[in-house]
Number of protein chains: 4
Amino acid sequence: TIRYLFKQIFKASLQLQVDDHKKALLVSRKRQSENTVIQLGEVAIGAGSSSIIAGPCSVESYEQVYEVAKALKEQGVKLLRGGAFKPRTSPYDFQGLGEEGLKILREVADEFGLKVISEIVNPSDIEMAVRYVDVIQIGARNMQNFELLKAAGSVNTPVLLKRGLSATMEEFMFAAEYILSRGNTQVMLCERGIRTYEKWTRNTLDISAVPILKNESHLPVFVDVTHATGRRDILLPCAKAALAAGADGVMLEVHPNPAVALSDARQQIDIPSFVQFMEELRASQLFREEK
Amino acid sequence: TIRYLFKQIFKASLQLQVDDHKKALLVSRKRQSENTVIQLGEVAIGAGSSSIIAGPCSVESYEQVYEVAKALKEQGVKLLRGGAFKPRTSPYDFQGLGEEGLKILREVADEFGLKVISEIVNPSDIEMAVRYVDVIQIGARNMQNFELLKAAGSVNTPVLLKRGLSATMEEFMFAAEYILSRGNTQVMLCERGIRTYEKWTRNTLDISAVPILKNESHLPVFVDVTHATGRRDILLPCAKAALAAGADGVMLEVHPNPAVALSDARQQIDIPSFVQFMEELRASQLFREEK
Amino acid sequence: TIRYLFKQIFKASLQLQVDDHKKALLVSRKRQSENTVIQLGEVAIGAGSSSIIAGPCSVESYEQVYEVAKALKEQGVKLLRGGAFKPRTSPYDFQGLGEEGLKILREVADEFGLKVISEIVNPSDIEMAVRYVDVIQIGARNMQNFELLKAAGSVNTPVLLKRGLSATMEEFMFAAEYILSRGNTQVMLCERGIRTYEKWTRNTLDISAVPILKNESHLPVFVDVTHATGRRDILLPCAKAALAAGADGVMLEVHPNPAVALSDARQQIDIPSFVQFMEELRASQLFREEK
Amino acid sequence: TIRYLFKQIFKASLQLQVDDHKKALLVSRKRQSENTVIQLGEVAIGAGSSSIIAGPCSVESYEQVYEVAKALKEQGVKLLRGGAFKPRTSPYDFQGLGEEGLKILREVADEFGLKVISEIVNPSDIEMAVRYVDVIQIGARNMQNFELLKAAGSVNTPVLLKRGLSATMEEFMFAAEYILSRGNTQVMLCERGIRTYEKWTRNTLDISAVPILKNESHLPVFVDVTHATGRRDILLPCAKAALAAGADGVMLEVHPNPAVALSDARQQIDIPSFVQFMEELRASQLFREEK
């Protein structure tokens, strides 16, 4: 057992290095104690107010995006999301409008003074995308697509990184580190539910990830309540829980006519429901308005 | 495919019966639209105010329970928990003081005017237990110990039923149905985290279970933030999230000296931390005081 | 960091104790290097040959059990299972025939010279049960029903302990330790699939549990292919995999007419399928016949 | 309820379309009843014999690969794997030698008459890679990197597609469909363990995936026993289980000196262990030699 003790001493020395390494992570609050604030027009993400990102799952047409953007504007929501490149389980499902979709988003957003967030799926599209979008989204299925992370790390456009389907929080932070380590420090983390055995929700919203990520990292944290739950009937309580737990913002999917949506038809909410959602969220006093 | 359609019609008829059956569940809100309210002294659980259940993981001594109960009293908390029969992974771990522990709880609770909640693990102990406790707790490991559920259903004492380690919400509701179907309608449901791959928390708090259970059932819903997280540093944000999501109350473990606790030493909070927890929770305006 | 090293030395000393403790577990191969062999009539479980346990999910009638037992006899299978006390998700589902079911099993088994395995769910039923059964089964939902484990540990009848729905292997071994520590050393472990996100199987057969449990423990290891898969079409390959991985035996459900079974109608196989299953399993040369 | 029946009839019609769609999947055995056979030199994968793929986790040097390849040759193993592009959780871990690594693999493989399998992680590298490798591997983290799948689908080189960390079998088959739908029909599926709560193994080998994938699809099915278990001590029983369950082959990691490996140091086996593994696997009679 003397040998055992020496082995432990050796291990302890190793562990010290690991701790130093962890301390050294660029995403870590040990490295940077103050919050990273990402400025998108008038919106300062991570500075204390609550941000909402909303929009259709997929960009389908100018009219569709226009209608949603108008509702956002009226509700004081400044961040418009919409999918132009869609990672779909089946190759036969609608794969998105591509660059054409990004153009539509840009055009509509400019009309209403909104900022655009859209998912990019191919490293070679990053350069093209930054001409249209204000925030590059990296989706759950690509959280460990390290080539894509590296490409997103080499531009100056802010990145919204979604947690992988079954990523640990540690893996999530390392994925963000890929981006920061390439020079792009404007990263937002987005919890979107993890895969479990439970079947009454599409995924399981890991609410404890919010305070843990806020403690461990200085990056802003969002919760995508649409994908986390897959159920319209609990979007509002889950959004409230997210804000109560310390999230910097909430993301949700809104479509003028969900029943005919080309993707996620079952979980998007329509515009009247969105208006009601915003009114009730604001009424809850959990919502911290931008000053 | 005509045959197929007939098969579907047949299936539909079957499904109708299932729906009726589901409607017929005693736990279902379809069966009883108004909330079940459980009166424990001055505390009305399920009537709109926020209830706190607190106390040590295990009852260890009169002094230990006294010290915690005093703190509860000072914070206006009326519900005292403490384990006398401890279901432990290893047979060599402390198994609880048994009936002696229940006596201590009762004695201390009476001194401070509190109500007692304690876990029972053997169907044959239920009758003995109701002489001491105000609420029978059925723990996660026993959620599908149907003999225990039946025994708890045959008394008039309220029951706090915890969700199993990997129980679906459907199984959870059926477990409660075992109790109600035997005649005991005073059941509270308690989400306490589910088992997932994530390692930074002891379990994963399934926050979406709160609004879903509130929608599907008329029974009060609690969240045990101690077992759901296993981490003291995020108890407060998770408790806030629970209340924001619609929970009727929060449960947590408090010990005068967690470092020497006979069980769950790492996750219980000490009394000063409990005081701070209560103050911050009340300050958040999420806490709805008993009128 | 000197302080850190001392802390590690302290930890190492603690770890040594834990290791000793682990070594001391009665279920551990460190404690007993040779296999535990359980003799059931002519069948020696754990001695190298492959054992089959088969029978209906629930005992429904004398005729039903008779028909299955006859098929077992013809196939040289000596171990008859059948549920008399059924732990069912819903209180409105068939709960089993109770003691009457055990009598039927005993009577039929004696007629064909078979041994009886049946699940007991209430600690207070153990004494009654040992008058009828040769092996007490403790089901997955009761793996951490420690009162039941203690009761099973206090008799001399062999016990088949099934792994919990989401039990770790460590918890599984500790559950067995509850039985051994009370004096009953005749315990068989039964892997029956764990709960995961995958939906094409009822559970996920954790095949790696077989060699790990065989390495870590001296107890015999079975695989319940019916519950692990919930699919008749893959019972045979999974049974082969179990034997190839080192299992001492395989358990499966057989019913004369699965379509009208009072439980598990979808996953039981009928008698012709059972005959074919046995013939193909024996033909595979993985099956080690009793000498 | 008449309305309900009509709704079901409508649903049934929809379901008919889904079934047709499923039938139409190129990966489905309903579409092609005979096995897809992939010819790699003398090795015919999917034609009934058992194939072994072995080699180091990462290509580190010519000497390292040479030493492993020599051992493969001596054991009659024809398929050499080695990672040149390494998807690593941390950006600070060894990321592989890149194209230089592919050159080493090709050179050594040619010397011993072996075929080369290596993972590609960037769609834009596929064209370069096919100059060096005989099989493109798509790793678990990239199973739903649809751009990479599309790129792999547009060349004629066979592809080994690994199941995602928490991919359902359905998603796995759809991922393969992405490749086939682009014209590349030479795809092998590789089960490599799924992510669960169990901690004694790195992942949980889903052995039932083997017979299900063989039933549902005509594509060859491999099992990567190294990543599925993360434990050297159970590689052999798991490999036997894979073959017993119907796998066309087994993949494992071999390194001349695992202790100093630049990745996966804990789970690779050394050359003497590999020799013993091969001898015992062949001795088991589960191994079906190439004729």
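Student: How much area is buried between chain B and chain C, and what share do carbon and sulfur atoms give?

Tutor: The size of an interface is often given as the accessible area lost when the parts come together. Buried area here is the accessible area (1.4 Å probe) that two parts lose on being put together, summed over both. In this predicted model, chain B and chain C bury about 2,600 Å², with 52% coming from carbon and sulfur atoms. The contact (heavy atoms within 4.5 Å) joins 30 residues of chain B to 30 residues of chain C.

Student: What are the corresponding values for chain D and chain C?

Tutor: Chain D and chain C bury about 2,800 Å², and 70% of this lies on carbon and sulfur atoms. Each chain is represented in that contact: 35 residues come from chain D and 35 residues from chain C.

Student: How many salt bridges are found across these interfaces?

Tutor: Side chains of opposite charge can pair when their charged atoms come close. The rule asks for a side-chain nitrogen of Lys or Arg within 4 Å of a carboxyl oxygen of Asp or Glu. Between chain B and chain C the count is two salt bridges; one joins C:Glu171 to B:Arg195, with the closest N and O atoms 2.6 Å apart. The interface of chain D and chain C also has two salt bridges, and C:Glu198 pairs with D:Arg163 at 2.8 Å, N to O.

Student: Which residue pairs with B:Arg163 in a salt bridge, and which parts does the pair tie together?

Tutor: B:Arg163 forms a salt bridge with B:Glu191 (2.8 Å, N to O). B:Arg163 belongs to the loop between strand 7 (159-162) and helix 6 (169-181) of chain B, and B:Glu191 to strand 8 (residues 187-191) of chain B, so the pair ties together parts 28 residues apart in sequence. Helices (H or I, at least four residues) and strands (E, at least two) are DSSP runs, numbered from the N terminus. Over all chains, the whole structure has 68 salt bridges.

Terms used: Residues numbered from 1 in each chain as written. Chains lettered and ligands numbered in written order. Predicted model: local features only at pLDDT ≥ 70, side-chain atom pairs only at ≥ 80, totals over all residues. Heavy atoms only, no water.
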